[in-house]
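This report describes a protein model part by part. Look at the sequence and the structure first, then read on.

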2 protein chains.
Amino acid sequence: MIDARERVTGRIPYTIDVTLPGMLHARLLRSTEAHARLVRVDVSRARAVPGVVAIITAADLVGRPDLFPYMGPVYRDQPILAIDRVRYVGEPIAAVAAVDLDAAQAALDLIEVEYEPLAAVFDAVEALEPGAPVLHAGSPRTGPTYADIILHPGEGTNVCNHFMLRKGDVDAAFAGADHVFEDEFTCPPAQAMPMETHCCVADAGAGGITIWSATQTPFAVRAAIGEILPGYQGRIRVVVSTLGGGYGAKAYPKIEPVTVLLSLAARRPVRLHLTRAEEFITITKHGVRIRMKTGLRSDGTIVARKSTCWFNTGAYAEIGPRLIKNGGIGTGGPHHIPNVWVDSYAVYTNLPPAGAYRGYGINQAAWAYETQMDMIADRLGMDPLDLRLRNLLEDGQDSMVGTPAHDLHFRELLTGVAERIGWGTPASTAQPKPSSPGRKARGVGFSVIIKGTITPSTSTAGARLDEDGSLQVLTSSVEMGQGVRTLLARIAGARLGLGLDRISVTTPDTLTTPYDQVTGSSRSSHMMGTAVERAVDAIAAQVLALAAARLEIAPGDLELADGAVRVKGSPQRSVPFATLLAGARIGSLQGAGEYRTEGTLDPQTGQGISSIHWHQAAGAAEVEVDLDTGRVELLRYEAAVYAGRAINPVQCELQAEGNVAFGVGQALFEELVFDRGQLQNGSLADYMVAYPADMPGRLGVTTLENPALGEVHGIGETGLPPVAPAIGNAIARATGVRILDLPITPEKILRALRAPG
Amino acid sequence: MIDARERVTGRIPYTIDVTLPGMLHARLLRSTEAHARLVRVDVSRARAVPGVVAIITAADLVGRPDLFPYMGPVYRDQPILAIDRVRYVGEPIAAVAAVDLDAAQAALDLIEVEYEPLAAVFDAVEALEPGAPVLHAGSPRTGPTYADIILHPGEGTNVCNHFMLRKGDVDAAFAGADHVFEDEFTCPPAQAMPMETHCCVADAGAGGITIWSATQTPFAVRAAIGEILPGYQGRIRVVVSTLGGGYGAKAYPKIEPVTVLLSLAARRPVRLHLTRAEEFITITKHGVRIRMKTGLRSDGTIVARKSTCWFNTGAYAEIGPRLIKNGGIGTGGPHHIPNVWVDSYAVYTNLPPAGAYRGYGINQAAWAYETQMDMIADRLGMDPLDLRLRNLLEDGQDSMVGTPAHDLHFRELLTGVAERIGWGTPASTAQPKPSSPGRKARGVGFSVIIKGTITPSTSTAGARLDEDGSLQVLTSSVEMGQGVRTLLARIAGARLGLGLDRISVTTPDTLTTPYDQVTGSSRSSHMMGTAVERAVDAIAAQVLALAAARLEIAPGDLELADGAVRVKGSPQRSVPFATLLAGARIGSLQGAGEYRTEGTLDPQTGQGISSIHWHQAAGAAEVEVDLDTGRVELLRYEAAVYAGRAINPVQCELQAEGNVAFGVGQALFEELVFDRGQLQNGSLADYMVAYPADMPGRLGVTTLENPALGEVHGIGETGLPPVAPAIGNAIARATGVRILDLPITPEKILRALRAPG
């Protein structure tokens, strides 16, 4: 890691470390109602609090030709501060900037808000029933930003988006199937829980706007601010430090717009740093209900699947319209299914907005299909491994979106983890029985998943080789603990024959680092890695040309190694880069690289190209369940992921560990609990996340590569979706009971065990 | 100005605004002796002061294989902290980093230093006399960095460098001349007096070194730190904010090395911000003695000149060896002189180091030759304007360095100011006489100068056109109030047809902005301007190609204007850049530009190419001298400078004003007064700088352009050298007395007026 020493010594600067002269501190007044008309918002008493410099509400933002008061990465449906109406508990109504947080809080306490409650709806299925309160009837919806988002909004309903996939003839296929199974699965809303909560410092003035933000999308934030304040377009700068975790929660504008508007009002820099309680309700993982109907021939071959997904996207669209497309496609799993029908809905409810979250809809989809696969195997009396192997997508077969899939390794991944976990040994497949004193039962389970990466997609990079022989890699990839700076340094170093100690990699700054679309979707290693390769190759060509002229040897007879150009076969004849540049009096050599991928789906059928390649993973779990308490202990977990080419094997293992930590929580205890829209467990005392003792007693990680192809695949998320179904399948095999609603808490297990047989 | 609003609202971030978590504050213990052996430096009591985190002395720096404890842009002769010996009053001996300045100062007070005084020398001529104490006998001298610096050091003497110019046969020419005049002129040491004193924050750790410094040379600082700490090469980053003035005083490493070493020792970030008193002794303008012998034919044609310059470069070489070359060449003035002999010495003395200062040796040279020109005219009974016009260098004639000079405008510049000041009217040429009640005398004078710009020279730039239609100009030019960011924005905007409100220009950051040699030598507008043009042109070509494909029109039929590509002759057919990029799904287009100039001088004759083109200026002053008090009032000043192409006419005028303010001070009152090496007036209470009332009652500024050629000339310094001789010539014409030693104080005038005739 190029930042390992800074990291372990606590010297990495984060956004919370940004301090500007005269900087104010901001707090937000948030709605206490889930759905209400705002009758009155009175800030007059609050303005009198000493130390308060600015207070803004919707009244300051609406009706201004210079200001568009909405935001959102797809629809612009989310008011920066609530306009006339609040739609979830926690929605910002007013913002205060003061000399310190105490003054800001004192002002909040004096703001008077009068609500007129409205009927609210919290469940995504109920929200689509006739007579349900409609959250956004007649609301403005501009956008979309992304050409690849398929929008079928239901006007006058709570349907935010409806993604349709239509492949083959499912009705005919079900009619001709030997077996048809229909089951329903749910996942609860959850929290990404980055160590660092959202933080933004904005310095907005007549000369322009500078934003320091812990965001995964500096350019999207810049574009959003430019849309909100069109007069500032071209004078907006977004600077991003290393993030203390992101996991999707920090993609697209969140708190930046309100911070900027506060800074403009205060004419001073303003910092807004969310409390943990605020973080809980700022962006969530989508809760979902998935109804899945699968038809098979008697030999276990899947002939058709029909899925209906109700993704609860909360009060505002956020990236939901896009995520539910991914989740909907994902319900097909890594199988070859000739007939598929998917309806995937993003549904508005009076909960906090749901958005991007590590796995991006695939966790939810995989929970459904990989649980159902085991259930089907049991029902058919088949080995669940055999059932999967019979259906796994083969190289060249059509994927869910109808285009051929290549470079597939599902079989190897799955059989590998199954073998390592001991599948096929008597113990593993045995029916539940007390396996140890105190009525404890053991079982193993596995799963295999497919995931796309954002397509179309664009990354650009710059590179600069300097007179001192050092290489600067200019990239807007966001370092958020995933090690992207190290990864890009390794890629660059390998192309140029230069050690990591001579390579710097930037953090993003829209002023100085070139465009990147997003750090997310496990895309950086593939997309930005390729852009960096191209930028560095442009420099390598210049270096070789310089050396060729100096040494009077053809460039083809030269090679790059150890920070020098040397003659092939005569390594003693070499010129260090620094010497080469100094000799030619060159201060720096510059290179630029770009990488773009293309793809599009037919909006009526969801067929086309949704991902340039497929991320692939499998997982296998061994659990021991205490049949008296319902407590689950994860004895062992085997993770396997396809990386194409592993740039940094250690980092690959760490990503696998992180994915398991996330997956354990999702499988066993993570859940945001709402009571009529009020979050009941919005603190780290009440909301459970995995801690070291929750990790598997034994963790095996396999990073599969394909040296022949050599293409890099991102693996930041791929290992996560298998975890919950593998654990769920292991629990079912240990206990004989199936829990279809995550998380699989001890209570649910006990209730199922005690249910009349 | 693209930063005008930030500037007037006080929102520009300076280096002093950099605050890092855990940052310590540094103070330096400085020598009280001008020349002494360091017998003992004991920091043991100081270490016990609460709040002190690190103290370093030479003992911590010498004898380490990982550390080279010297610095200097030409020779590495300056110890970062005094090693065994101090050579000037104020030389740093120890450095303390503490939690606050009070603790640091308390520690300084407890450091015990025992000196053994050595004989000292302060005058540059005396320093070359036999028996003078030699400052650097046997000292290490590595370097030089610059191939174009001609080094003739006098080993075992105080000659730091000796520049020789040998052109024609001066002895024969003097022998054949009708008149030969020899005079001696002096200029005192002075202070550049930037509003912002030197400031540096360093964060050095195992992972690398980041330096925030108010420097004009980020890359030279990076290189210097890499030389001092070779193990860190490739992991050193220098970030430069807007400077509160530079004027040469902030070029090359100054306080950065000691700050970095303190940070390494403390393992925490450290800030060192010099007090005004420290600023006075950190770097100075060279004091000089110039003996000038000029031979003429009876018609006033100059046939030969021999100059000897003793530049007092203080205790360490700094950039002196280079500056005295410029000053030496400069003694030839803007005249065609076939036979020239110059000996220009940089001489070590026990004064603070002298270095770069606005005008870079030309102020001193011009003071000599433009004063002597008037003296010669008087002696020959010629009109001083006629004498100059007879000798001015004409296009195609050889310059001082023997190569033809082109694009010359001396005649126009000089006759312009002479005419505007009223030269030739009876009053102006009259002998001194009381012109008003109270015995006040008026007179006018003028001068004309030539100045080179650093050659060879390299600048690189980057540019990026983004999806939002904004252009980012990536440059390491340092904004120090001269308006370089605005200038580069205007250059870029003109090439791309884009308004300034869509253009950002970086401040330097060696991580993200490409190499530049130095912001100095009035080179940025020409050098970096050209590099930026090239970078932007590379983008323009891509934009035109995109538009050509989209509009199906040949690129040659398209033009760039108002942030759009439009069809020539059909301006209504246009595509905004943002639309063009969005249509092609391009995040950003990148361009790179480089500009290098070449030149070299023969080390034995000083003949060759010393400047790619010549900076040219003239000035004329009208003064009123109170013959009772000696007080001089500058009634009027006419400045004229050749700009080639004026990018920002308002900025050109402001540069002229700044030059006049500097020139008035040099002419009339600025002088560092030393008593045996102790500075006597090292405060703004005692050292005089020009304030508004010292400015001319009427200031005329002419910025001459040459539309036919269109080449941009820097004008940041050019207007300064004419000021002092023009004022001196006006005073002489008003009073009849000649002062050859700057500044022309009332005391000197009165003494001369009262001297026996």
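## Terms and model

Two residues are in contact if their C-beta atoms, placed from the backbone, lie within 7 Å. This is a predicted model, in which local features need pLDDT of at least 70 and side-chain atom pairs count only at pLDDT 80 or more, while totals for chains, interfaces and linings use all residues. Residues are numbered from 1 along each chain as its sequence is written, and chains are lettered from A and ligands numbered from 1 in the order in which they are written.

## Nonpolar cores

A nonpolar core is a set of buried Ala, Val, Leu, Ile, Met, Phe, Trp, Tyr and Cys residues joined through C-beta atoms within 7 Å. A residue counts as buried if 20 or more other C-beta atoms lie within 10 Å of its own, as exposed if 12 or fewer do, and as partly exposed in between. The largest nonpolar core has 203 residues, and V96(B), A97(B) and I727(B) have the most contacts inside it. Apart from neighbours within four places in sequence, A97(B) is in contact with L24(B), A26(B), V53(B), A54(B), A104(B), L262(B), A266(B) and V270(B). A second, separate core of 202 residues includes A98(A), I225(A), V238(A) and L414(A).

In soluble globular proteins, nonpolar side chains tend to be buried together.

## Chain A as a whole

Chain A has 18 helices and 32 strands. Helices (H or I, at least four residues) and strands (E, at least two) are DSSP runs, numbered from the N terminus. The radius of gyration of chain A is 27 Å, close to the 27 Å that the globule rule gives for 757 residues, so chain A is as compact as a globular protein of that length. This radius is taken over C-alpha atoms, and the rule is 2.2 Å times the number of residues to the power 0.38. Of the 757 residues of chain A, 60% count as buried.

Chain A is divided into domain 1 (4-118 + 193-282), domain 2 (284-454 + 603-754) and domain 3 (457-597), with bounds from an automatic or database domain assignment. The centres of domain 2 and domain 3 of chain A, taken over C-alpha atoms, are separated by 38 Å. Their contact takes 17 residues from domain 2 of chain A and 17 residues from domain 3 of chain A.

## A helix and a strand residue

Helix α6 (residues 256-266) of chain A has 10 of its 11 residues buried, so it is largely enclosed by the rest of the structure. After α6(A) comes R267(A), whose phi is positive, near 55°.

A617(A) lies in strand β28 (residues 615-626) of chain A. Is A617(A) buried or exposed? A617(A) is buried, with 34 other C-beta atoms within 10 Å. Leaving aside neighbours within four places in sequence, the contacts of A617(A) include L413(A), I449(A) and P722(A).

## How the two chains meet

A rotation of 180° with 0.0 Å of shift along its axis superposes chain B on chain A (RMSD 0.0 Å); that is the relation of a two-fold axis. Of the residues of chain B, T512(B) comes closest to the rotation axis, at 3.0 Å (C-alpha).

The contact takes 49 residues from chain B and 49 residues from chain A. On the side of chain B that touches chain A, β19(B) supplies the largest share, 5 residues.

Notes. Least-squares fit on C-alpha atoms with pLDDT ≥ 70 in both.
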